[in-house]
Amino acid sequence: MTKLKVVITRQLSADAQKLLDDVTDLHVVQWPSEKPCDRSWLLEHAKGASGILVMLTDKCDEEVIATAGPQLKVVASFSVGTDHVDRPALKSRNIRLGYTPTSLTDAVADLTVMLVLMAQRRGGEAMRAVIDGKWPQMPWHPFLLTGPQIRGCTVGFLGFGRIAQATLKRLVPFGIKRAIYLTSKPGKIVKEADGFGVPTESIGSIEELATDSDVVIVGCPLTEQTKYIVNAEFLARMKKTAVLINIARGPVVDTDALTSALDQGQIFGAGLDVIENEPNIQADHALLKQPRCVLLPHIGSAAIETREEMAIESVKNLLAGLNGEAMVNEYEL
Ligand code: DGY
């Protein structure tokens, strides 16, 4: 019997690898390194694949899907975001898409809280001063590196899915006053019987969200509609004391507009886990010159347990797709 071919674009954790290797009737073609796989390698090996397991750094576009051929049954993405996958191309061919939204919710929500506190309390700027040997020139004084407090804040969520809701739950014990959100899927908000423990309301417009929030958390998927949704106009409406957090995808925020908003003191600070054109960010990038901007290299889900769970879930989704079974999480195309 001919073995079904599957292509895996990265090395996996031991448990996930075992799950895959235990399936003996598969011909597994796997990128041999921890680094992102070459596009030319993916195109070469996709040919004839029935399943492809990709990372968010692999563009799974029309070219890859067409190159794979008509036997392709499933694409499993090791991520919650699926903007790197051509979803219409999958839908038109009845190819299923698996993703890992549930396993990373807590890890990303934890990191979001960290970014909020870093941005408000100037964590990046303070660390940089110490590392640069500037502490002796800036001894303690009452106003040294002060920033807004989280207690009493209105937190605005652009996108209110699992991660945003888990973030809100973490922020409530800090004493925030109110949460507001804008979502394209209002029907999907599952409120617990006792609510979130703080007044939480869907807001009418993006303008209101920008104006009313002390903390704006961007957690929406990247789509044609959300690209640059945070632009110069949005930033100009924000309070001077407010911070912007982006844990979604870089292009949701217009980087030039953010750089100039920080430069001109239009907003207090920013905490970013993602940025346009990542990872090609050089040390002389304009945003890195902004002391009130904390930029992390897309580590939202980088908790050890989470990454292991994501790997296992991706393999399970891949196998379920091959076998016509229910996935752990299937993207509704
Ligand atoms: C994902 O998996 O899409 C996220 O970017 C993780 O942080």
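This is a predicted model: local features need pLDDT of at least 70, side-chain atom pairs count only at pLDDT 80 or more; totals for chains, interfaces and linings use all residues.
This dialogue walks through a few features of the structure above.

Reader: Thanks! Which strands pair with strand E1?

Author: Helices (H or I, at least four residues) and strands (E, at least two) are DSSP runs, numbered from the N terminus. Two strands pair if DSSP finds at least two bridges between them. Here E1 (residues 4-8) pairs with E2 (residues 26-30) in the parallel sense over five bridges, and Ile8 has Gln30 of E2 as its bridge partner. Between E1 and E2 the chain passes through helix H1 (residues 14-21), and this β-α-β crossover is right-handed; that word applies if, with the strands pointing away from the viewer, the path from the first strand over the helix to the second runs clockwise. E1 also runs parallel to E3 (residues 51-54), joined by three bridges, with Val7 partnered by Ile52.

Reader: Is Ala46 buried or exposed?

Author: Buried means under 20% relative accessible area, exposed over 50%, and partly exposed in between (1.4 Å probe, protein chains only). Ala46, found in helix H2 (residues 39-46), has a relative accessible area of 0%, so it is buried. Contact means heavy atoms within 4.5 Å; leaving aside residues up to four places away in sequence, Ala46 touches Val7, Ile52, Val64 and Ala68. Strand E1 is mostly covered too, with four of its five residues buried.

Reader: How can I check the length of a helix such as H11?

Author: The expected span is 1.5 Å times one less than the number of residues. The 20 residues of H11 (residues 304-323) should therefore span 28 Å, and the end C-alpha atoms are 29 Å apart, which agrees. After H11 comes Gly324, with a positive phi near 70°.

Reader: Finally, which residues are around the ligand?

Author: A residue counts as near a molecule if one of its heavy atoms lies within 4 Å of it. Those around the ligand include Leu56, Ser79, Gly81, Arg249 and His298. An oxygen atom of the ligand lies 2.8 Å from a backbone N or O atom of Gly81, and a polar side-chain atom of His298 is 2.6 Å from a ligand oxygen atom.

Conventions
Residues are numbered from 1 along each chain as its sequence is written. Side-chain values use heavy atoms; hydrogens and water are left out. A polar contact is a pair of N or O atoms within 3.5 Å; within protein, one must be able to donate a hydrogen and the other to accept it, and residues adjacent in sequence count only if both atoms are side-chain atoms.
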